Amino acid sequence: MDLLVNPKEEDLKFLDKVDQFFEAVGRLAYELPLYKIYKNNLYHFFMDAVHGCLSHGHKHANRLQEKLERGESSEVQGMLEQWLREKKITTEEAVAMSSGMITSGVHTTAYQTVFLLFELAKNPEVQERLYQEIQSVMGERPPTAQDLEAMPYLRGCIKESFRVRTVGHSVLRVLNEDAVIHGYHVPAGVTFLYSSYTASNNNKMFDEPSKFKPERWMRKDGPQQHPFSLMPFGFGPRWLVPD
């Protein structure tokens, strides 16, 4: 919240680098891969964004390291501070992982929040039910992590927004061993693409897929959806944190 109310110049520069990073990733994915032959402007554009994100992480790590050396600790420890305190991984690894999580989380969280608010605006009856649930649990006080468990309709709204309008529209995997999928033999080394958008709009998997229905994710309100019917960020060892 501090970033929204009183943003620091270094945080705004970090957000600019995040925008630059995702622009570069999109171009690297769909343009001719000339960067594999020589380090072109797109390569340098991408690496500048990466270094900018990591530099921001190192600044925070250095401040936390100084605090730990003074014997101080935060009231609520973040992952980076915990990793630096435990020393189970190197500082470079801690910075790389935390910077990666934040860089990935900035866009996914921002855009998915906009998608959710858009669907609530289109569906006033859903908005009213959600408002009543939030008021009954929180009232006017700030939310806590424990509140989410007491708000199943909110969780349903979030999951339904991932289904209807998701930033994670597909997941790519390279098979490391042969597999048989729906009777088709797929050899190791083949790139496999799972389309979350296609699956989410399949009327064999979802009743009235074009409608925004958060209750479909609430067990007491009807049949429970198959746990793998929605995987916008994959599953397994390479599952992404935003899910």
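The structure is a predicted model, in which local features need pLDDT of at least 70 and side-chain atom pairs count only at pLDDT 80 or more, while totals for chains, interfaces and linings use all residues. Residues are numbered from 1 along each chain as its sequence is written, and side-chain values use heavy atoms, with hydrogens and water left out.

The protein has eight helices and four strands; these are DSSP runs numbered from the N terminus, helices being H or I with at least four residues and strands being E with at least two. Read from the N terminus, the order of the elements is α-α-α-α-α-α-α-β-β-β-β-α. Along the principal axes, the C-alpha atoms fill a box of roughly 55 × 55 × 35 Å. Of the 243 residues, 31% count as buried, where buried means under 20% relative accessible area, exposed means over 50%, and partly exposed lies in between (1.4 Å probe, protein chains only). Among contacts with a separation of 6 or more, 53% join residues 24 or more positions apart; a contact here means heavy atoms within 4.5 Å.

How do the axes of α2 and α5 cross? The axes of helix α2 (residues 9-30) and helix α5 (residues 91-122) come within 10 Å and cross at roughly 80 degrees. That angle makes α2 roughly perpendicular to α5. Axes are lines fitted to C-alpha atoms, for helices over the stretch in contact, and angles run from 0 to 180 degrees between N-to-C directions. Angles under 35 degrees count as roughly parallel, over 145 as roughly antiparallel, 65 to 115 as roughly perpendicular and the rest as oblique. On the α2 side, F14, L15, V18, D19, F21 and F22 meet I102, T103, S104, V106 and H107 of α5. By class, this contact has seven nonpolar, three polar and one charged residues. Here Ala, Val, Leu, Ile, Met, Phe, Trp, Tyr, Cys and Pro are nonpolar, Asp, Glu, Lys and Arg are charged, and the others, Gly among them, are polar.

Helix α5 also holds Q112, which is buried, with a relative accessible area of 6%. Apart from neighbours within four places in sequence, Q112 is in contact with H107, S161, F162, R165, T166 and V167.

The aromatic residues form a further theme. The whole structure contains three aromatic pairs; rings of Phe, Tyr and Trp (its six-membered ring) pair if their centres lie within 6.5 Å, and planes under 30 degrees apart count as stacked, over 60 as edge-to-face and the rest as tilted. The rings of F21 and F22 have centres 5.3 Å apart and planes at 90 degrees, so this pair is edge-to-face. F21, F22 and F46 form one aromatic cluster, and F22 is partly exposed at 29% relative accessibility.

Helix α7 (residues 152-164) includes P152, which is partly exposed, with a relative accessible area of 29%. Not counting residues up to four places away in sequence, P152 touches E133 and M218.

Two loop residues complete the account. K87 lies in the loop between α4 (79-86) and α5 and has a positive phi of about 60 degrees although it is not a glycine. K87 is exposed, with a relative accessible area of 66%. H182, in the loop between β2 (179-181) and β3 (184-186), has a positive phi near 50 degrees and is exposed at 77% relative accessibility.
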